[in-house]
Amino acid sequence: MTFALALEQLLNGLQLGVMLFLMAAGLTLIFGVMGLINLAHGSLYMVGAFACATVAAWTGSFWLGLFASLACAAAAGAIVELLVIRRLYDRDHLDQVLATFALILIFSEGTRWMFGSFPLYLDIPPLLQGAVPLPGGTQYPLYRLAIIAAGALVAFALYLLISRTRLGIRIRAGESDREMIGALGVDIRTLYTVVFALGAALAGFAGAMVGALQSVQVGMGEPVLILAFVVIVIGGIGSIKGALLGALLVGVVDTMGRFLLPKLFVLFVPPSQAGMIGGALASMLIYIVMALILAVKPRGLFPPAHA
Amino acid sequence: MSRETVVNFILAALLLAVPLLANAVGQPFYITLATRIAILALAATGLNLALGLGGLVSFGHAAFFGIGGYAAGILATHGFSGEPLVFGLSGTNQMLVIWIVAAVTAGLAGLAIGAISLRTSGVYFIMITLAFAQMVYYFAVSWPAYGGEDGLSILVRNQFPGVSTMRPLSFFLICYVVLLAAIGLFALIRASRFGSALQAARQNPVRVATVGIRPFRIRLTAFAISAMMTALAGALFADLNRFVSPSMLSWHMSGELIVLIILGGTGRLFGPLAGAALYVIIEYALGGITERWQFFLGLILLGVVLFARGGLLGFIAGKARHG
Amino acid sequence: MKNLLSAATLALAVGASGLAVAEPVKIGMITTLSGGGAGLGVDTRDGFMLAIKQSGNKDIEVITEDDGQKPELAVQIADKMIQSDQVDILTGIVWSNLLMAVAPSAVAQGKFYVSTNAAPAALAGANCNPLYFNAAYQNDNLHEAMGEYANKDYKKLFIMAPNYPAGKDSLTGFKRYFKGELAAEVYTQVGQTDYAAEIAQIRASGADGVFAFLPGGMGIAFMKQYAQSGVNIPIMGPGFSFSQDVLPAIGDAALGVKASGQWVKDLDNEANKKFVADFQKEYNRLPSLYAVQAYDAAQLILSAAANADVKDTEAFRAELLKADIKSPRGNFKFNTNQHPIQDIYVTEVTKEGDVLTNKTVEKIFTDHGDAYAKDCKM
Amino acid sequence: MVEPVLQISDLVKSFGALRATDGVTLDLHPGEIHALIGPNGAGKSTLIHQICGTVRQDSGTIRFAGQDIGGLGVAERAQRGLGRTFQVSSLAPEFSALRNVMLAVQAKQGSSFRFFKPAMLDRSLTEPAMTVLDRVGLAERARIPASELSHGERRQLEIAIALALGSRAFLLDEPMAGMGPEGSKTLTRFLDRLRQEAPILLVEHDMDAVFALADRISVLVYGRIIATGTVEDIRRDPAVRSAYLGDHD
């Protein structure tokens, strides 16, 4: 294994981690402030991707599409919050799981109704096409670097939002004491809608970014959703910092596992067997990591103090 | 007799009457549909023990359902081919043996998964059970020996002493009796000392510890029993379809099992049966009308969660009573 | 390879259309019309129904149901179709795992199964069945063709497929014909959407070509990411990775990719020209491989129904075996295991105006059967 | 001198910079009611939590019936006979009063792993439970779900549960809270008799009840015991008057 390959894989892990963070940040924020477990977060990711692909196809501009993905996902989030989610805050997790499971069915089949069964096309904008040289003599796709940068930017913006703004103060207040914040005269219903829409927008943004890299199709949100849940559970539900570190951990572990495990097994069994066993183990790896972490720290790595 | 008892009795009688009638008029498909209802109700009754009585929202019971299915599939395959399984033991096509193997395997898996998962609570518990089920799922998908993603066909349905299992009605009756036995067991456990402790641990875990009952052990035991019952359903499901695949292990399956319970009414004796019947009928009826049936299923589920919290039985039989 | 039936294919080449049929035939089509794989099922259904419609045959009844790509649902529908609707023939399943759940028990109950796509090795060899026909190919065929093709220009290949039975069959089929060196043999996760880790390995592998079997969304994701990676090693794969249903979503990244197929849109025969034109007219899009396979399956059933009563299993089977159809694929006949013997082509993705499609490069196999027929004793 | 049932020495517990329990030493003798009083925020809850095991002390020892229980969990302490009642929560709110007490009886018998015999038909559970309910005056309300009992009845149920557990000492956390004057009087009479069963560590705000019942009183202020003594001692103690009674009366 060369330095160049290791560096490339590390970047791949980072990039996956950053994407997961965009999903996980919204999930964990919504849980932290409203105490809601939202399985339909993956559907908002899908909404973002479809909005971006559709608008990009109409206008020919990825950037307009990206803007549309933020707007549509936030709007979809706000509507869902107003119609359904706000009735769930004082319910137990079981009801929340069920209702948002139902939302997945509605979103998926509804999207198929509107867009048909075939995947949509969404290309990387010309500005970010191609690859750039890396130290070690290899190349790396510019778009993936852009994703890493965008993710870092969002993380920083979230940090500023929460630590420096009025909205952030209210969010923090909501996290530590839900009754208190109402007493402070904050319109809690509006705050919840705003937080939910913010989380939705982050998911939609992630969906659009990834849509250009993968295929825009119904059901694309579900694998990401489960990974995002793994991330926030590892990080400690409700903690943005936990979500960031959890996302990077999952991204790097998953990428490195897929890359290194088959190589490891080559030492013991023939190559085609090693590929299969290594591949099988790699696909289970993050779940194993999660189980190990929870066995030792049942509330994740960075459990919020109040919960 | 309370109203709920009457409703329960009617449900049980209907589930028996429909296949008998279908058999009489030569519509065997409705027997298959009723068998499916019975098996799903059995799986959900298993989950109901953990979820309804114990308050343990397991989002990973598909793991046990699938383990039961694979136990049946693998044993039957070896029974058919004559190749020894492990340690020189051979496969079998006897349902009774398969059931025991399925239940014991799932019970052990339940103990292992429960021992780690029950250290957590709330959302963490939901998610860690999901993670364990995903682990089993990916293992099944990528393990080549038993078909991987393609699954495993059981060419001939397994045998039950003195019964021709290939006859739809006979197989239905087996499932029906097993379901009633499981519901009976559920009722016994609910009323027993163990059931008292389990339900109290759901209602007030901290307080239960202060009287000297350790919730962890109670819950772990309940989780394992629950896993065994669900695995039994998995084994029957494999025999119904004469086929096992990783889709039995997918997180959608876990979600569906929870859906069945909520649809019927959480923690109720016949909730899983009511839920399974409703679910299968919705799936069949809507599926016949539109390809978009999942959309409408979603709307119905949402409606039940938001506006009809007691589920079907809550709607018909009123508020749940506790002893 | 035994060509017992070559004589049969020379029998009167009567088109199915317009022939009056004495006995009604009830066909149950189970295919995927919802969920992620619905595109393939929609093409299957549309191709099949095009042939039925063209035949004008009023005695053929087709019941279509959606399996949602779930094996247990497919089984339930099959039970219903057999027990309740009393169909004579089942068809339409796209995926091997669903087929394995349905076909063995359907034929055990005395029903015909004519596969429009899925063709697992398990049903082609020792477990072949007189009532099971495959109108598409055998799973290994297209991979074998690429293995043969790769022998010409490539010395060292990087090969990859998802970690499931069809993926393993794929690489096995490829290796059966490819004589060069393997840089690596990689199994990816089923449903995987990010291939950065694999692309990095390809870059570092020193291979001079890549063979990838990644159907559906997996292929779309891989190709788009590969195009951005700056790696310039040529890609090849079996036809379904670059079929008409996924090409629009991959976009220009697919241009120039070599693939294999037993059918190409530009094949120069009358049946094909008519089929492509009719399909486009009817559905306003280009047909895919799946549409052709289903179209031929319907033609096969129509041709047999024209000359035999479906209740007379032996006679109907004999008529099916004649494969008395004009396939858009050109030559088509059945092998001893009732899987096709057909020509296989290498294709290249090109652009016609704004539309991406495949064009023929060369015929790589003539009258190609499969490796499992010799194990089939019927 | 008779050995104390419960003996707490030099107990310390800090939360960050805050010393919630600051070297508390306290004991409980057989047959006595020892009241623990103090203003809000004095650290009474934290102390109770440490005694029953939900919070682990930083240092110091807790001895119960001659054994060090400072390292045991909640359930083990309860099994050894440390009976605690709660301010608000019921054991199993959905269950009837009877089944709540039966749960305590079965816990005492250490036999929760019986799966088949219906508990309601098990006379080894129902009879002791009914006896206890009768003693606390709840026999007629035995079939009512705990969540539907009145405030005072729930308190009686809590005591019934502690009795059923065969507790060798009671830890009563504000039993009078939320009771009307009539209820308070009834309960006071009941507690007066209860001390013969086992000694009581009583945390209470209702001073009338405390002065009527307590054999000894300890006053907790800012995590420290500032005085311990008889009712008369405490009434007279100047430190107590200024620190506590001063701002109460």
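Visitor: What is the mean pLDDT of chain D?
Guide: Happy to start there, and please keep in mind that this is a predicted model. In chain D, 96% of the residues reach a pLDDT of 70 or more. The mean pLDDT of chain D is 85.

Visitor: Where in chain D is confidence lowest?
Guide: Let's look at both ends of the range. Confidence in chain D is highest in strand S3 (residues 33–37), at a mean of 92. At the other end, with a mean of 67, is helix H9 (residues 238–248) of chain D.

Visitor: Which pair of chains has the most contacts?
Guide: Some pairs can be set aside. Chain A and chain D do not touch, and their nearest C-alpha atoms are 13 Å apart. No contact joins chain C and chain D either, with 34 Å between their closest C-alpha atoms. Among the 4 pairs of chains that touch, the most contacts are between chains A and B.

Visitor: Which helix gives the most to the side of chain A that touches chain B?
Guide: The contact takes 36 residues from chain A and 35 residues from chain B. On the chain A side, H4, helix H9 (221–235) and helix H11 (271–296) each supply at least two residues. With 14 residues, the one that gives the most is H4(A).

Visitor: How many residues on that side of chain A are nonpolar?
Guide: The side of chain A that touches chain B also holds 4 polar and 4 charged residues. Its nonpolar residues number 28.

Visitor: How far apart are the end C-alpha atoms of helix H12 of chain B?
Guide: Helix H12 (residues 293–307) of chain B has 15 residues, so at 1.5 Å a residue it should span 21 Å. The model agrees with that expectation, as the end C-alpha atoms are 21 Å apart.

Visitor: Which helix of chain A do the buried residues of H12(B) pack against?
Guide: The buried residues of H12(B) include B:Trp293, B:Phe295 and B:Leu301. Within chain B, the buried residues of H12(B) pack against helix H10 (251–264), helix H11 (271–289) and helix H13 (311–317). From chain A, the partner is helix H4 (93–115).

Visitor: Is B:Ala200 buried or exposed?
Guide: B:Ala200 lies in helix H7 (residues 193–203) of chain B. Leaving aside neighbours within four places in sequence, B:Ala200 is in contact with B:Val208, D:Leu91, D:Ala92, D:Phe95 and D:Leu103. A residue counts as buried if 20 or more other C-beta atoms lie within 10 Å of its own. B:Ala200 has 28 within 10 Å, so B:Ala200 is buried.

Methods
Residues numbered from 1 in each chain as written. Chains lettered and ligands numbered in written order. Predicted model: local features only at pLDDT ≥ 70, side-chain atom pairs only at ≥ 80, totals over all residues. pLDDT = per-residue confidence, 0-100. Helix = DSSP H or I, 4+ residues; strand = E, 2+ residues; numbered from the N terminus. Expected span 1.5 Å × (residues − 1). Buried ≥ 20, exposed ≤ 12 C-beta atoms within 10 Å, placed from the backbone. Contact = placed C-beta atoms within 7 Å. Nonpolar A, V, L, I, M, F, W, Y, C, P; charged D, E, K, R; others polar.
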